[in-house]
Amino acid sequence: MKTSPLKLAMIPVLMFGFGFALVPLYDVFCDITGLNGKTGRIQASQIDANRVDTSRTIEVRFLANTSTGLPWSFEPLVKKMEVHPGQLYEAVYRVRSSSKETTLGQAIPSVSPGLAAEHFNKTECFCFTQQALEGYETRDMPLRFIVSSDISDKIEQITLSYTFFSLGQG
Amino acid sequence: MSSEITHDAAHDEHDHHGPAKGLMRWVTTTNHKDIGTLYLWLSFIMLLYGGSMAMIIRLELFQPGLQWVEPHFFNQMTTMHGLVMVFGAIMPAFVGLANWLVPMMIGAPDMALPRLNNWSFWLLPFAFGILASTTFMESGAPAFGWTFYAPLSTTYAPDSTDFFIFAVHLMGISSVMGSINIIATILNMRAPGMTLMKMPLFVWTWLITAYLLIAVMPVLAGAVTMMLTDRHFGTSFFDAAGGGDPVMFQHIFWFFGHPEVYIMILPAFGIISAIIPTFARKPLFGYSSMVYATASIAILSFMVWAHHMFTVGMPVAGELYFMYATILISIPTGVKVFNWVTTMWKGSMTFETPMLWALGFIVMFTIGGFSGLMLGVAPVDTQYHDTYFVVAHFHYVLVTGALYSIIAAFYYWVPKWTGHMYNETLGKIHFWWSTIAVNVLFFPQHFLGLAGMPRRIPDYSLQFAEFNMISSIGGFAFGLAQVFFLYIVIKTIRGGEKATDRVWEGATGLEFEQLPSPPPYHSFTEAPPVR
């Protein structure tokens with residue numbers, strides 16, 4: 001049962017690494033389980049038009065926030081939509097800069113309930129890339145999404161929230 | 001030739017029997033007893049420092065409205081109180097006890113790595129000096145709570161946060177080095193015949209605690225390093241704007257934080273398991289089940305961290321898993337409590353001061369355990385989360401649990417350490433004064449929490465006024481009782497009735513059976529016989 005302190009010292013070294021390994025592990029875990037409201041992304045060509053489930057409607061609500069430090073106003077043009085699973089829809093968000101400089105922002109999505117996230121897929125989204133707004137520019141930004149038809153039938157309402165974070169001046 | 005060297009070495013040792021003289025003795029010492037004493041004094045100073053911040057908190061909460069301090073300063077006080085008590089008072093006290101007791105309990109001459117031991121200790125005054133200095137900085141001390149959740153501790157943190165991060169790194173290095181030392185001592189330096197399953201439970205609990213420490217302190221170091229790079233080097237571990245996630249901070253923190261709460265209670269179990277048999281005059285009931293229970297608690301502690309986060313928006317499956325895993329911990333903990341009770345059953349009990357503190361521990365720690373069970377139930381935690389109920393819960397397990405066991409250990413072993421008995425009357429006054437005060441202090445906080453008073457807020461609604469005033473009065477009385485304890489400690493060190501070598505009629509273990517009181521500066525230079 002003898003031990004050497006150097007061998008013991010390996011444990012904290014490994015655990016320090018493990019602390020950092022938790023970061024990708026956390027992402028992988030959320031990806032697999034669809035927890036944490038991270039939405040999915042698919043290509044338009046992957047959509048199967050025959051799988052539209054017209055017997056069900058789900059209410060999708062849209063929320064928009066801007067974080068501190070970003071002088072933008074940001075809102076969905078339509079606050080909520082009734083959708084059929086399997087069908088492609090488009091929602092438009094309007095963003096308006098109140099800065100005279102060009103500013104950069106990045107939108108981060110979140111879906112509630114969390115278990116709906118992996119079934120909420122987007123073919124096109126302003127959140128896929130950074131957005132640069134020139135001084136006082138107003139822009140309408142589209143979002144094309146499809147709620148997958150294998151979503152649990154317990155889910156009747158989905159809330160999609162976007163927060164724009166500042167990435168500084170362009 | 002070889003006999004000459006041996007002779008020289010023996011001669012050398014003869015010249016350095018006692019400690020060096022002067023202040024430098026304490027700076028350069030590698031003696032486990034000296035370092036144990038240093039740890040215990042640091043811990044006492046930190047107890048009084050953290051306690052004085054608690055007094056400011058209770059003073060502000062004495063009446064509704066803001067009377068004494070600014071809300072921002074109040075937040076600094078709750079933050080620093082928590083950090084100082086957890087990392088400065090409770091943890092170093094247990095390390096100090098381990099330094100004093102582990103070598104004497106296993107029949108070793110000293111710790112395995114004495115110079116490392118010196119360094120482990122001397123990092124701490126600097127760590128806490130740095131932490132305490134933040135109070136006097138322009139931005140004020142960290143004010144984000146002792147759990148330092150991002151983004152409060154990253155995007156919105158005061159500049160002094162970097163000092164806090166460095167201090168936490170130093171504490172972590174100190175704990176990890178101390179733990180490696182303790183594991184190496186226990187595994188390598190036991191006297192012949194001292195098999196693992198013959199070790200006193202205090203040694204067992206510390207062995208397991210040390211493994212917990214080397215496993216989770218580096219994770220904490222990782223968390224604060226991520227905070228540092230998020231703050232200054234453009235990373236986005238916890239910043240959603242860059243693809244990070246603030247909730248991940250909570251996962252990483254509590255992956256450290258939950259084992260941490262067992263780090264603060266397992267050595268206490270060891271102390272209580274030493275004291276109860278002595279004063280019940282019966283051997284500990286269920287020794288091996290105690291060992292296995294300690295190990296199970298340690299293993300389970302890695303699997304339950306998210307019960308601190310039931311309200312972050314976890315799926316039901318996650319809540320159920322963490323709820324059941326959490327409740328499972330009550331089984332090994334229950335085994336311990338029942339074993340202590342069974343040890344006392346039909347024993348010839350006497351109630352000297354250490355026994356009173358140990359009994360106080362069992363009763364009140366169990367109260368804290370029960371409120372912990374309530375908090376572990378996910379659906380009701382939604383109501384209790386971040387209320388004073390949580391504050392009441394963790395103060396019952398940390399003050400009347402961990403701190404009570406440390407005070408019990410002091411009264412139990414101080415006659416052995418100093419050769420002086422403490423004054424029994426003063427010890428009993430200290431116990432009853434503290435016990436009445438601590439319940440006046442924390443029991444009403446259960447009601448406040450159930451009624452919805454949030455924690456960490458300097459003001460409250462009028463309906464909470466009476467219970468807060470009662471709680472504050474208990475707080476001041478409890479604080480004063482620990483100043484009284486300081487008097488008892490100094491008085492006992494300076495003199496007192498001569499303690500016998502056995503100290504207590506029912507005491508067992510190498511330190512009581514094989515060493516005089518006080519023990520020589522270098523004890524067990526030859527391994528003692530182990531029965």
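Does Phe148(B) count as buried or exposed, and how many C-beta neighbours lie inside 10 Å? Phe148(B) counts as buried because 23 C-beta neighbours lie inside 10 Å. The cut-offs for this term use C-beta atoms placed from the backbone: a residue is buried if 20 or more other C-beta atoms lie within 10 Å of its own, exposed if 12 or fewer, and partly exposed in between.

The model is predicted: local features need pLDDT of at least 70, side-chain atom pairs count only at pLDDT 80 or more, and totals for chains, interfaces and linings use all residues. Residues are numbered from 1 along each chain as its sequence is written, while chains are lettered from A and ligands numbered from 1 in the order in which they are written.

Chain A has one helix and ten strands. Helices (H or I, at least four residues) and strands (E, at least two) are DSSP runs, numbered from the N terminus. Along the sequence, the pattern of chain A is α-β-β-β-β-β-β-β-β-β-β. Chain A has 170 residues, and 26% of them count as buried. Of the contacts in chain A with a separation of 6 or more, 77% come from residues 24 or more positions apart. Two residues are in contact if their C-beta atoms, placed from the backbone, lie within 7 Å.

The two chains meet through 25 residues of chain B and 26 residues of chain A. On the chain B side, H6, H7 and helix H8 (246-263) each supply at least two residues. H7(B) gives the largest share, eight residues. By class, the side of chain B that touches chain A has 21 nonpolar, four polar and no charged residues. Here Ala, Val, Leu, Ile, Met, Phe, Trp, Tyr, Cys and Pro count as nonpolar, Asp, Glu, Lys and Arg as charged, and the others, Gly among them, as polar.

H7 (residues 201-232) of chain B also packs against helix H4 (residues 71-106) of chain B: their axes come within 10 Å and cross at roughly 120°. Axes are lines fitted to C-alpha atoms, for helices over the stretch in contact, and angles run from 0 to 180 degrees between N-to-C directions. H4(B) and H7(B) are therefore oblique to each other. Angles under 35 degrees count as roughly parallel, over 145 as roughly antiparallel, 65 to 115 as roughly perpendicular and the rest as oblique. H4(B) contributes Ala98(B), Leu101(B), Val102(B), Met105(B) and Ile106(B) to the contact, and H7(B) contributes Phe202(B), Val203(B) and Trp206(B). This contact has eight nonpolar, no polar and no charged residues.

Helix H9 (residues 266-280) of chain B has 15 residues and spans 21 Å from its first C-alpha to its last, close to the 21 Å expected at 1.5 Å a residue. The expected span is 1.5 Å times one less than the number of residues. H9(B) is mostly covered, with 15 of its 15 residues buried. Arg281(B) follows H9(B) and has a positive phi, near 55°.

Other backbone features fall in loops and a segment of chain B. Phe148(B) lies in the loop between H5 and H6, and its phi is near 35°, a positive value in a residue other than glycine. The loop between helix H5 (114-133) and helix H6 (161-188) also holds Pro151(B), which a cis peptide bond joins to Ala150(B), with omega about 5°. A cis peptide bond also joins Ser517(B) and Pro518(B), with omega about -10°. Pro518(B) sits in the segment after helix H18 (510-513). Val503(B), in the loop between helix H17 (465-494) and H18, has a positive phi near 65°. Val503(B) counts as partly exposed because it has 19 C-beta neighbours inside 10 Å.
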